[in-house]
Each structure stands twice: as C-alpha cells, then as structure tokens.
Amino acid sequence: MSDVTQEAERIPVDLAGDLDPGGERSRFDKLMMKLSAGLLFASAPLRWIAIAVCVVLCYFVVVVPLEFWPQVGLAVAFWAFAMFMRKQRSHIATLVMMALSLIVSSRYMFWRLTETTAWDRPFDAVCGIILVTAECYTFTVLTLGYFQTAWPLRRKPIPLPADRSQWPTVDVFIPTYNEPLAVVKPTVYAAIALDYPADKLRIHVLDDGRRPEFKAFCEQVGVNWTIRSHNRHAKAGNINEALKITDGEYLAIFDCDHIPTRSFLQITLGWFLRDKKLAMLQMPHHFFSADPFEKNLGTFRKVPNEGELFYGLVQDGNDLWNATFFCGSCAVLRRTPVLEIGGIAVETVTEDAHTALKLHRRGYSTAYLAIPQAAGLATESLSGHIGQRIRWARGMTQIFRTDNPLTGKGLSLGQRLCYLNAMLHFLYGIPRLVFLTAPLTYLFFGAHVIQASAWTIAAYALPHIIHANITNSRMQNKFRHSFWAEVYESVLASYITAPTLMALINPKLGKFNVTAKGGRIEQSYFDWNISRPYLILLAVNLAGFLVGVGHLFIKTRGDFGTTLMNLAWTAYNMTILGASVAAASEVRQVRDSHRVAMVIRAMLRFANGRTLACETIDYSEGGVAIRIPAGVTIPLHEEVQVSLFRGEEEFVFPAVIVFTQTDRVGVRFTTLTPQQELDFVQSTFSRADAWTDWAKGRKPDTPLRGLWHVLRVGTRGILQLFGHVMADATKLGKRDANKTKKTKLDTGS
C-alpha cells in the first residue's frame with residue numbers, strides 16, 4: 001500500500017451526526033425512520049392528505065392571534081419540544097427543529113406585519129418600515145439557509161482505476177500577479193509532489209507579473225512559465241489565455257498560496273470518471289495562518305473562522321441540490337464544458353461563482369468533497385480582509401443583476417434558491433446597520449417603531465430569536481459558533497453597503513482587486529481609519545444608552561418596559577461593536593513564514609554521529625520546533641541534521657539550533673537546495689492528512705457559551721479602545737512637547 005493511500009485512509013468522513021456514540025442508530029432515529037418510511041411508501045392520496053393536514057395545522061399555528069399569556073404558553077411548549085429534539089442524535093431531529101424554527105419565526109413575522117405596523121406619527125412610520133423590512137430580509141435568508149443546508153450530501157471520494165495508464169491528463173494552473181516568489185514556491189513544489197503519473201501531469205505558473213525571477217525558478221524546477229502580453233480580465237483572463245495553449249482533459253486550479261496535498265488529484269478525479277456530466281469538483285479552502293479576526297481577537301483554532309461555515313456546511317448542502325459553487329481555487333474542472341461556456345466567466349469580479357452558474361445553466365453537474373486537501377494563507381490585515389469581502393459582495397451582486405438565477409433557462413428550483421441565498425447574503429449591510437441603530441430611535445426620539453407593549457414584543461420576538469439560535473447551533477456548531485455572525489457582519493456592514501448598492505444600480509462599476517498575501521505587520525497598532533464606522537456607531541450607542549438610563553431615573557417616559565427593552569438591545573449592540581473594535585487592533589506579525597502545529601516523527605543527527613529520536617511540535621518554511629526527551633540538553637547554535645519522516649520515507653535537512661528549552665528546541669534550516677525545499681514541502685504541507693485534524697480539541701458550540709464568549713471579547717475590545725486612546729494621546733503629547741522644545745532651541749529662546 002502506498003504512503004498516499006495510507007495517509008488518505010486516515011482522512012475522516014464525518015457521518016457521526018446521524019449516529020449515537022456507540023455507532024448504532026438511536027431508538028428515536030429508528031422510530032422516526034419507520035414513521036417517515038411509512039408515510040413515504042403509503043399510497044399517494046394518503047401522502048397528500050397527510051401533507052395537507054400538516055399545512056393546515058401550520059397555517060393556523062402561524063396566523064391565529066393570541067393574548068399575552070396564551071402566547072407565552074405556546075412559546076414555552078414549542079421551546080420544550082425543541083429542547084427535547086436537541087438531545088436526539090438524529091438528523092431527522094435536526095429537520096424537526098428547523099420546522100419548529102420556521103413555524104415560530106413565521107408566526108412572529110405574521111404578527112409583525114399585521115398587528116404592529118399601524119403608526120400614528122410619520123417619523124415612527126419611516127423608522128418602523130425600515131426595521132420591518134430588515135426583519136423580512138433576515139427571515140428570508142433564514143428560510144433559504146435552512147433549505148440550502150437541510151441535508152448535507154457528505155460525498156465520499158471514489159478511487160481511480162488501479163491501472164494508472166487509464167488516468168486522465170491534467171494541467172495544473174497556478175495564477176500569480178504580484179505575490180512574492182517565496183509565497184508561490186511551496187505551491188509549485190507541492191504541485192510537483194502530486195502523486196500522479198508524470199507523463200499525465202503538466203504544471204503551469206501563470207505569471208501575470210511577467211517577472212524574470214519567476215521564469216528562472218520555473219526553468220530550474222522544470223515547470224512551465226506561462227505569460228501573456230496584457231492583463232485583461234485579471235485572473236479569469238489569465239486562466240483563459242492558458243486554456244488556449246494547453247490540452248489536458250482536466251485542469252486543477254490553485255491560488256498561488258494554496259498548497260495542495262499529494263493526494264489531491266487521486267481524491268478528486270474518481271468522481272469525474274463515474275459522472276460524465278460532472279464539470280467541476282470543488283474542495284475546501286483551508287488556511288493554516290490566522291485571519292485578522294482570529295489573530296486580533298485571539299480565537300485562532302478555538303473559534304471557527306468566517307469561512308468555515310461556507311466550506312464546512314453550505315457547500316455540502318449545495319451539493320445535494322447540484323449547486324456547488326466554484327471558488328476559484330482548490331478545484332478540478334473538465335476542460336470541454338469550460339470551453340463550451342467560453343472559458344472562465346469575465347463579466348463580473350467573482351468569476352468563479354459565475355462560471356459555476358454558467359455550467360449549471362448548460363445542464364452540467366458539480367460536486368463538493370468536504371475534505372481539506374490544500375491549505376493557504378489568510379489575509380494578514382483587517383483592511384485587506386475587508387477589501388477581499390467587498391470584491392466578493394460586489395461580484396455576487398453583479399451576477400444577481402446581469403445573470404439572475406431566478407430567471408433564464410437551465411436551472412432547477414433547488415439551484416435557483418441556493419444561488420439566490422448566496423447573493424442575498426451579501427446584501428446584509430443595510431439590515432445589520434439597521435439592527436445596530438434601531439433602539440436609538442426610541443431612546444433619542446421616543447419613536448415607537450413596533451406598535452406593541454414591550455412584554456408582548458418579548459413574547460413573540462424571543463421565541464423567534466431563541467429557536468433560530470438553537471437550531472443554527474445544532475446545524476452549524478462545528479463550523480460557526482453562536483453570535484459570531486453578528487461580529488463578522490458588523491465589521492463588514494459599513495464597507496459592503498455602498499459597493500453592493502452601486503452594483504445593484506450599475507453592475508459594470510468596480511474592478512478586480514488582488515488580495516495581498518504573505519505580508520508583515522511590523523508593529524502592533526490600532527487601525528483608527530478602518531475602525532471609524534465602528535467607533536461612530538459605538539459612540540452613538542453609548543450616548544443612547546446613557547440617555548435611556550436617564551429616562552429610567554428621571555422617569556421622563558412612562559413606558560418603563562419599552563425603555564428597558566431598548567436599553568438591553570443597545571447594550572448588546574455595544575458588545576458586538578466592541579468586538580468589532582477589537583478586530584481592528586492589529587497584532588504584530590513579523591514572521592515571513594507561518595508556523596503550523598503538527599506532530600511528525602523526526603530525528604536529530606549530531607556532528608559526532610549521535611542520533612536522537614523525537615517529534616515535531618510545529619514547522620514553518622524556515623525551520624521546525626522539536627520536542628525532545630526529558631533530560632536531554634542540546635547546546636545553542638549547534639549544527640545538526642534534521643530528519644522528517646513520511647511513512648517509511650526519510651527526508652534530511654541541514655539546520656542549526658537557535659532556541660532551546662527544557663523539553664523543546666527550535667531549529668532553523670541553513671541553505672537548502674531546490675531538491676531539499678521540495679522534500680520539505682513533501683514531508684509537511686503536502687501530506688495527505690496534513691489538515692484533517694485542524695479542529696481537534698475545539699469546544700463544541702452552545703448558544704450560551706457563544707454569547708458569553710462574544711460578550712467577553714466585546715467588553716475587552718471596549719477596554720482596549722480606552723487604552724489605545726490613552727496611548728495615542730501620550731504619544732501626541734510627547735510629540736508636541738518635543739516640537740515645542742525644538743522650536744525654542746531653533747529660536748534661541
């Protein structure tokens with residue numbers, strides 16, 4: 001058995017969500033399966049009667065008006081049923097929780113639209129219409145989200161034929177524009193290390209920067225350096241030009257910082273041989289460096305990052321509906337369908353998703369494998385991260401305007417709804433800003449935007465909020481912790497609002513921007529410029545909170561409950577904004593190479609011939625940290641040979657000891673040959689199982705734990721803000737004092 005097969009066998013395919021800890025289906029699950037099967041195999045009239053009865057019952061539950069206490073009783077009954085379902089280890093229980101959530105949320109929205117929108121004052125009416133419109137948006141997105149992720153497909157890999165001569169030819173495209181060679185090198189080495197027949201694999205570095213050092217490197221390692229005379233249509237145009245001069249049956253695309261594992265092609269290509277209509281198979285985008293949220297908030301590998309929900313759950317849910325999106329990297333495409341649609345789409349700045357939409361319209365299928373088989377660099381700074389999300393938001397809005405999935409031919413209903421939800425998602429800017437400011441209309445101006453008492457609002461709104469949170473926590477707990485979506489959206493809302501609105505008005509506005517990777521942050525600092533919207537919102541909410549507290553004590557307004565409710569809402573908003581402010585506090589990042597925690601069998605060989613068996617703690621392109629046995633002492637600056645093992649294969653690298661502690665040492669590689677650089681990538685980044693245990697040890701999500709964590713982070717962010725103000729004021733004072741002193745010296749006074 002080959003090493004890559006051994007590594008691939010250790011790749012988990014998680015189906016445990018439908019099983020109990022013993023590996024057997026629970027009694028509840030068996031009962032529900034019997035009931036479902038009984039309904040499924042019943043006569044058609046009986047099925048339709050059962051469906052009609054359910055629809056009628058749901059209708060009456062949604063629309064029947066209730067007084068306060070009966071509404072509270074209904075809410076408690078639904079909550080108790082949902083909590084019972086939450087304890088069942090069954091996917092059917094998850095579907096029941098989704099249905100309960102939709103019924104409760106529908107009841108809330110029906111009540112909002114029919115009983116709380118009779119305003120007497122024009123100002124109240126304007127503010128009320130804005131708020132209820134934002135709520136309608138969130139309800140729509142919630143409903144579409146449940147549909148999209150109702151039953152993740154959890155596709156498994158299909159092996160290629162045992163006879164390698166039957167394997168297809170593949171072109172590997174690595175587009176690059178202005179990234180440094182140090183970022184691109186590991187990806188090229190990993191592509192060379194792909195476990196695939198050399199005569200069926202061709203690697204192309206698509207260099208839109210047309211740089212001599214890239215040409216020299218490509219010639220040195222034996223890959224193709226492909227350029228063009230212009231840069232039209234950015235990355236999409238770069239790939240399309242390469243399509244003209246290559247002829248592989250398939251093309252694998254990797255962003256220049258996305259390092260593939262050696263098993264990537266063996267894991268992905270089997271599905272193409274089984275499904276002749278399959279045009280694209282997407283794999284997750286995994287990042288081994290911390291994004292700005294993880295770095296600045298200290299949540300790296302503790303809290304799922306912003307993208308894990310999409311790559312962990314949403315894409316798997318899309319796969320059920322044959323609606324997997326192409327994400328521009330870590331994907332394999334069949335050449336013929338791509339050429340049939342005219343190449344990679346160039347009409348919008350999100351060329352990847354638009355390409356998938358065009359393929360789906362032509363009747364081709366797509367697929368998703370939720371197994372991380374490549375890893376790359378996340379954006380270093382919050383400003384770079386925001387710039388990337390602005391491009392995504394603008395591009396998806398452009399597609400919505402120019403190639404709307406709700407219209408046109410070729411798409412199934414499921415595909416249309418999956419695309420619709422993806423595009424509506426990026427319109428969250430205005431609704432999020434509305435929710436961050438809505439309670440201020442009452443605290444400042446006494447506007448009643450919801451025409452009901454505070455206790456009635458709570459009786460209807462709290463069940464809607466609670467059910468949505470516990471249901472999403474049930475579905476998303478591995479990929480998104482509760483209440484963190486509000487933090488991510490609050491950071492981005494002010495910045496994506498204008499681009500999405502402009503794209504709705506004129507989809508041709510805007511241009512492609514390259515996301516910078518591999519940079520440094522030499523000194524920790526607070527980004528006052530990028531945080532300006534959060535600071536303004538935080539200051540306004542703080543002012544509103546103080547005004548509201550004044551109302552409680554001075555009793556200038558008679559409705560104590562309404563004031564208290566708006567104060568609680570404002571306090572929550574301040575916490576979310578505090579976390580947003582904390583995300584703008586950039587942490588120092590001076591490493592050119594990010595360290596990746598991984599345990600690999602290793603050996604140190606000393607100049608006197610002595611060897612020491614040990615294991616790695618982490619590694620980077622420049623060296624490794626190694627755990628050594630107790631009682632062993634290794635002198636600083638001693639030159640050693642480091643052996644890293646992949647299966648029975650040994651790779652040896654020259655190094656020097658640069659750090660030593662009781663149980664660990666740090667070694668820095670000395671000059672490596674190109675072959676040794678390739679060997680290092682093979683033994684680390686490109687291992688088939690390199691990224692499969694990334695979330696190991698992470699605490700599972702619960703809504704209360706998620707809320708408490710966000711509250712702590714938000715409070716810390718507000719306290720840090722005062723520290724930054726004091727520190728900057730001190731620096732400014734010293735600068736002014738030095739300037740005054742210099743002026744006196746210059747004038748001789």
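Colleague: What makes strands E1 and E4 a pair?
Modeller: Two strands pair if DSSP finds at least two bridges between them. E1 and E4 (residues 250-253) have 4 bridges, so they meet the rule. Their sense is parallel. Val172 stands opposite Ala252 in E4.

Colleague: What kind of model is this, and how is it numbered?
Modeller: The model is predicted: local features need pLDDT of at least 70, side-chain atom pairs count only at pLDDT 80 or more, and totals for chains, interfaces and linings use all residues. Residues are numbered from 1 along each chain as its sequence is written, and side-chain values use heavy atoms, with hydrogens and water left out.

Colleague: What makes a stretch a helix or a strand?
Modeller: Both are DSSP runs, numbered from the N terminus: helices are H or I with at least four residues, strands are E with at least two. The protein chain has 24 helices and 19 strands.

Colleague: How do you know that E1 also pairs with E2?
Modeller: Count the bridges again. There are 7 between E1 and E2 (residues 201-207), in the parallel sense. Phe173 has His204 as its bridge partner in E2. From E1 the chain goes through helix H7 (residues 181-192) to E2, a right-handed β-α-β crossover.

Colleague: Why is E1 called mostly covered?
Modeller: Buried means under 20% relative accessible area, exposed over 50%, and partly exposed in between (1.4 Å probe, protein chains only). In E1 (residues 170-176), 7 of its 7 residues are buried. Val170, Val172, Ile174 and Thr176 point one way, while Asp171, Phe173 and Pro175 point the other way. In a regular strand the side chains alternate between the two faces of the sheet. Across the protein chain, buried residues make up 54% of the 749 residues.

Colleague: Why are E5 and E7 called edge strands?
Modeller: They belong to an open sheet of 3 strands, in the order E5-E10-E7, with mixed pairing. E5 (259-260) and E7 (286-287) each have a single partner strand, so one side of each lacks a neighbour in the sheet. E5 joins E10 (residues 374-376) through 2 bridges, running antiparallel. Ile259 stands opposite Ala375 in E10.

Colleague: How do you know that Glu677 and Lys185 form a salt bridge?
Modeller: The rule asks for a side-chain nitrogen of Lys or Arg within 4 Å of a carboxyl oxygen of Asp or Glu. Here the closest N and O atoms are 3.9 Å apart, so the pair qualifies. Glu677 lies in helix H23 (residues 674-683) and Lys185 in H7, so the bridge ties together parts 492 residues apart in sequence. The whole structure has 24 salt bridges.

Colleague: What about Lys244 and Glu241: how far apart are N and O?
Modeller: They are 3.2 Å apart, and the two side chains form a salt bridge. Both residues lie in helix H9 (residues 234-244), 3 residues apart, about one turn of the helix.

Colleague: Which residues are linked in a network of salt bridges?
Modeller: Asp171, Arg202, Asp247 and Arg335 are.

Colleague: Why is the pair of Tyr619 and Phe685 called edge-to-face?
Modeller: Rings of Phe, Tyr and Trp (its six-membered ring) pair if their centres lie within 6.5 Å; planes under 30 degrees apart count as stacked, over 60 as edge-to-face and the rest as tilted. For Tyr619 and Phe685 the centres are 5.0 Å apart and the planes at 85°. Hence the name. Both residues are buried.

Colleague: And what makes Phe653 and Phe669 a tilted pair?
Modeller: Their ring centres are 5.5 Å apart and their planes stand at 45°, so the pair is tilted. Phe653 sits in strand E18 (residues 649-660) and Phe669 in strand E19 (residues 664-669). Phe653 has a relative accessible area of 0%, so it is buried. Phe669, at 9%, is buried too.

Colleague: How many aromatic pairs does the rule give?
Modeller: It gives 29. Ring pairs also link a cluster, with Phe653, Phe669, Tyr619 and Phe685 among its members.

How values were computed. Right-handed = clockwise from strand over helix to strand, strands pointing away.
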